[in-house]
Amino acid sequence: MIPVLNTILDSVVDTIAPPTPAFENFIYHWEKFMVNYLEWTTDGQFSQTRIEETNVPGHLEIVQQILLCEDKNEETTTNLCMEYVLKNDLFNMLAVIAEKEKLIGIRILVLKFMTNLISRLRNPVLAHQSFFFTIQRIINICDGVLYNKHQQDQIHFLYMLCTLLNDQQNVSIMFFSYEANMYHLEDAKAPSTESSTFRRLNLLDCVLTYINTKNTDVYHKCCNCILVLTKLNDENVIDFIINKTKFCSTISEHFRNLFCALPTTLDYNGLETIELNWRDDYNATYSNDVTKFFCWLNFITEVIRDGQLKISYSLCESLRILFFIKLFDTSEQISSSHVFLLKKIYKAADHTPLNHTMNYWLRSELDCFYYNKQTPIEILIKLSSTTDDIFVFNILNFFIDVLLDSDKEVLDFIILQFVNNRKYYERCTSGTWSDEEDEREKKLLSNENNINTSRTLAPSSIDRIINRLLALIPQNLHSDQFHTFKDHVTDVKNNYENIFDKCIKFDWPTEALDSVKIYDFDEGPFLRMIFQKINNIPNQNSSITLQLKIILIFLTSLPHPYLHEYLLNSTLPLKRNVPSLYMILCHVLKELHKKILAFPNYNEALVQARKRILNSTSIKLLKEKNCEVILFNNAVILEEMCKELVAILFVKYHHSHSAL
């Protein structure tokens, strides 16, 4: 009853007496606040009384109102109350009181008081030592590991401070660097005994203590704080974040922890196209492990895309060391789910520095016990030999994304280093292998100064090459007699022009020229794997055949003369034991032809298979188990692939021929 009675008496006095000047009123209520506080915390003892049972909150509320009203009053030329606070270090006194928390609830009261001030003052003087050091003490109080009972109020203070620093970036370094704009604690008004126990926590590391929160609102504010701080345009802040905070390691380790918490076997239904947003789709109460992982992936890519470039690259390097390298550094068998998730990460990394980091990691040797001196690309190629259709599908699907990214170093590592000259070509001792080749070499000599032209891509024997490829498909296997390669030309032309524009900066040669030295040819592990799987088309799932088609269409669309000639020029004499795409397709189509003709009404079955292929996705095809259906699906996919290969030859010829 006493606190209530005191409040009533104060109101009566205010009503009867004339208005007190703001400064005098401020001094009165500040002194009342201190007196009331000390009454409940005498002899250094911790009171068991809750702050709501005292007059302490009421007086501090009036102190806050006076400061804010004075700040808003444009007629006031000097802010006497604020000057008094700063001169006498009252804010710091409040922070010390909050740290000790001898009165239950005083810490959260001071926290809310300071939050209101920094969010509502027109121009908080953060650089003033009294203000700054108080804020620093409050940051310590907001450490989510030590003080997690009032997470929402604590993170709200941190969020308001981050927002304020975004507007006052010139003082942002003060809340990171231990050296900048600091003064010794013993010089402050706080008791000197505090100097030996004071531990300084930088703002970003404090924010990071909340990433494991189970409160959705706290999670969102934590993420927003990180985004604001990583965008600060101050070189000193940027360097401090990279070198002296736990930012990169904490983000990376949390990502790995979420990855390890995922189910060993994923339900892929809907996950292929899922794109979760950390702002809209994360709910700490209801989100499962998969949702949490994809939301954090979305958040990381946003930090990397929008943050300061130096911070982004540093975070990417941390992810490489703490996450990507460790993916293959284990005795546990790499699962299909791991490869699927790797593809999702790669897809999310598009157009960010993380994309470059992943491409570098993919072709880097891993120095671990189980995969010593092998690269992730080589490991995945070997794993593709499994009989698990889902596993193979996910590996090929991942390779499709990697190839379509068109990174020069990755393309060279996977394919082009093995097909970088005419090692596949069987040189004739008695002259050139045909009149067409003679003519080609003459035109090359006459056109050698025009680096934008290519007789390899536009050979004079183009009609013969196209006809040989079209003749591969037996008439009985045509699922649509009226659909020809010309129906693919428009799409192929647009696709080729996009690929050509990407690759023109790679400084690839324009012609496939004979080498003086004689080399043994090795198509490399990737092409060897592709050829083996094409050979196995009559016996494999049609979803895998569809993935092979996508890969081959991309590879043959590359404007690389040696790769083009090796894969598409079926008239070229090859060395003995050099595998030929043309001969492999010829063998596979003959085997399919033989099997399909054994079925009655095979023509109708081909028509139905065509409808299925046109209306199905790779995931749907993957679920098909009927061997007869799979066989007819594969025949249609191969038919369309041959037509597209012809369209590619046609488009490349005209694109290069027009430049001659």
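The following questions and answers concern a predicted model.

Me: How many helices and how many strands does the secondary structure of the protein hold?
Reply: The protein has 660 residues, of which 54% are buried. Its secondary structure comes to 29 helices and zero strands.

Me: Which residues of helix 22 are buried, and why do they line one face of the helix?
Reply: An α-helix has 3.6 residues a turn, so residues three or four places apart point the same way. Helix 22 spans residues 489-503, and the residues on the face turned away from its buried side include exposed Asp491 and Asp501. Its buried residues are Val489, Val492, Tyr496, Ile499 and Cys503. Seen down the axis of helix 22, these buried residues fall within an arc of 95 degrees, so they line one face.

Me: Which helices do the buried residues of helix 22 pack against?
Reply: Helix 22 reaches 20 Å from its first C-alpha to its last, close to the 21 Å expected. The partners of its buried residues are helix 24 (542-557) and helix 29 (627-657).

Me: How many residues apart in sequence are the parts tied together by the pair of Phe399 and Phe526?
Reply: The ring centres of Phe399 and Phe526 are 5.1 Å apart with planes at 70 degrees; angles over 60 count as edge-to-face, so the pair is edge-to-face. Phe399 lies in helix 18 and Phe526 in helix 23, so the pair ties together parts whose separation in sequence is 127 residues.

Me: At what distance from the ring centre of Tyr425 does Arg422 lie?
Reply: Arg422 is placed over the face of Tyr425. The distance from the ring centre is 4.2 Å.

Notes
Residues are numbered from 1 along each chain as its sequence is written. This is a predicted model: local features need pLDDT of at least 70, side-chain atom pairs count only at pLDDT 80 or more; totals for chains, interfaces and linings use all residues. Side-chain values use heavy atoms; hydrogens and water are left out. Helices (H or I, at least four residues) and strands (E, at least two) are DSSP runs, numbered from the N terminus. Buried means under 20% relative accessible area, exposed over 50%, partly exposed in between (1.4 Å probe, protein chains only). The expected span of a helix is 1.5 Å times one less than its number of residues. The arc is that of the directions from the helix axis to the C-beta atoms. Contact means heavy atoms within 4.5 Å. Rings of Phe, Tyr and Trp (its six-membered ring) pair if their centres lie within 6.5 Å; planes under 30 degrees apart count as stacked, over 60 as edge-to-face and the rest as tilted. A charge sits over a ring if NZ of Lys or CZ of Arg is within 6 Å of the ring centre and within 35 degrees of the ring normal.
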